[in-house]
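Here is a short note for a colleague opening this entry for the first time. Please keep the sequence and the 3D view side by side while reading.

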Amino acid sequence: MTTQVFRGRTIDDARKAATDALGKDAVVLSTRSRRRSGIAGLFGEMDCEIAAAVVGAPTPVLPPPPARGPFAASVYAGGPERVPPRDPVAQLRAELRAELRAVKVSHERPPPAAPHALAQDIAEIRELLDQLTPRPRKGDPTAALIRVTGIEGRPAAALSRSIRANKKDDATHPAERLRDALSNMVQVGPWPLSTEGRAVIAVIGPTGVGKTTTLAKLAARAKAEGRTATLVTCDTFRVGAVEHIERYADLLGMPSVAARDASELANALAAARTDLVLVDTSGREPVVDSAERLLSAASFAAAAECRGFDRHVLMCVPANIRDVDARRVAKAFATASPTALAMTKLDETDAPAGLVHAGFASHLPIAVLCAGQRVPEDIAPATMGAILDAITRNIARGPTT
Ligand SMILES: Nc1nc2c(ncn2[C@@H]2O[C@H](COP(=O)(O)OP(=O)(O)OP(=O)(O)O)[C@@H](O)[C@H]2O)c(=O)[nH]1
Ligand SMILES: [Mg+2]
């Protein structure tokens, strides 16, 4: 069987040419349209092409192929063109090669350029982002030091800016410059027991951070100083919470009271005959009418029962708190308007970056440091030296370049 190709303006033209040449037994094997070469092709004109053969027919002796050209007569007359038989595998390989070439060309083509205005906008946004979040650069000793402390997020960026801004003495060791910058960032608050007159000292903060233990430590310290105190618990929610504070009160020989809401706390304050009233709370966020709400600056100032008392509301936060959690805690307990931070569990971390995170998030000074479970040993007034030592305690072991 010999396959021949016939062309025409339409498929019918091509088919008619095939029938004329091969007779009505001609079988169409394939058809395709292609843009005509030359000027006609530019105007969208197409050729139709069919491959046809007569099954079982002897190979005809054909005249030589007609002259080719844009309007070759043989084409429009449907003149036959001999196509040498091809190995199907070779044909497939040729087609694949052509496709591969096309793919390669399309990949080598440069991507379409972004419009100039868009590219400029993107560059400006990148620059702004760089300014807002200065990334610690590799090989930058300051950035390496900050990483060792575990300080992260916005406090780390602020610290890094502060160190870089203070380049007046480049000879100073980076660790010293870090301490300088930290001392400008961290604030120290007064030890709550230093109040001379009557005072309410309350502990607030998330569950399990050491509120009750810290309050018990303060109570024991107060007793050791010869001051009298009443223990009040507003945590009437958690099973065993009231008994917990009562147990400490018994051990210390102090009166204790449970207050379920703001009015009961106000009554407890009015009834107290001691120098200090130490208030424990639940770890829940202060809601309207809750006992914790009475502790807020505004309610405390407005309540007659609170008159004559200094107000100390310590927000207890663990020393290993992450930046993101410190911000959440500061927000959650803001309605109780805490006056200072009591940082707990310093003994449980080698990177007490929470000292910075909590201070930065709450804008509160640190007044109390707790480093253990023992009552009353593991509590101390906060000092700048102790805070800086704790934060930089890994520096000697960490990289400095
Ligand atoms: N290692 C260590 N453990 C502490 C510290 N302070 C408190 N703890 C322990 O932490 C656990 C929880 O302490 P609590 O005082 O009951 O904590 P809380 O915030 O009152 O807990 P809730 O009342 O459940 O919200 C206890 O096992 C304490 O002994 C500290 O500074 N260091
Ligand atoms: Mg408790």
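This is a predicted model: local features need pLDDT of at least 70, side-chain atom pairs count only at pLDDT 80 or more; totals for chains, interfaces and linings use all residues.

1. The main core. Start with the largest nonpolar core, which has 59 residues. Within that core, I151, L265, L355 and I366 touch the most other members. Helix 11, residues 262–271, gives the most to this core: five residues. There is also a second, separate core. That one has 29 residues, including L218, A220, I245 and Y248.

2. Helix 15. L355 belongs to helix 15, where it is buried. This helix covers residues 354–362, and seven of its nine residues are buried, so it is largely enclosed by the rest of the structure. The buried ones are G354, L355, V356, H357, A358, G359 and S362. Look just past the end of the helix as well: H363 takes a positive phi of about 60° there.

3. Strand 9. How many of the nine residues of strand 9 are buried? Eight are, so that strand 9, residues 310–318, is mostly covered, taking under 20% relative accessible area as buried. Strand 9 pairs with two strands. Six bridges join it to strand 5, residues 199–204, and the two run parallel. One bridge pair to find is I201 with H312. Five bridges join strand 9 to strand 10, residues 340–344, again in parallel. Here C316 has A342 as its bridge partner.

4. The crossover. Follow the chain from strand 9 through helix 14, residues 323–332, to strand 10. These three elements make a right-handed β-α-β unit.

5. A181. This residue lies in helix 8, residues 174–185. Is A181 buried or exposed? A181 has a relative accessible area of 5%, and the limit for buried is under 20%, so A181 is buried. Apart from residues up to four places away in sequence, A181 touches L159, S162 and I163. A181 and A158 are 23 residues apart in sequence, with their C-alpha atoms 9.3 Å apart in space.

6. Aromatic rings. The structure holds zero aromatic pairs. One ring does have a charge over it: the charged end of R284 sits over the ring of F237, 4.0 Å from the ring centre.

Definitions and conventions. Residues are numbered from 1 along each chain as its sequence is written. Chains are lettered from A and ligands numbered from 1 in the order in which they are written. Side-chain values use heavy atoms; hydrogens and water are left out. A nonpolar core is a set of buried Ala, Val, Leu, Ile, Met, Phe, Trp, Tyr and Cys residues joined through side-chain atoms within 4.5 Å. Buried means under 20% relative accessible area, exposed over 50%, partly exposed in between (1.4 Å probe, protein chains only). Helices (H or I, at least four residues) and strands (E, at least two) are DSSP runs, numbered from the N terminus. Rings of Phe, Tyr and Trp (its six-membered ring) pair if their centres lie within 6.5 Å; planes under 30 degrees apart count as stacked, over 60 as edge-to-face and the rest as tilted. A charge sits over a ring if NZ of Lys or CZ of Arg is within 6 Å of the ring centre and within 35 degrees of the ring normal. Two strands pair if DSSP finds at least two bridges between them. A crossover is right-handed if, with the strands pointing away from the viewer, the path from the first strand over the helix to the second runs clockwise. Contact means heavy atoms within 4.5 Å.
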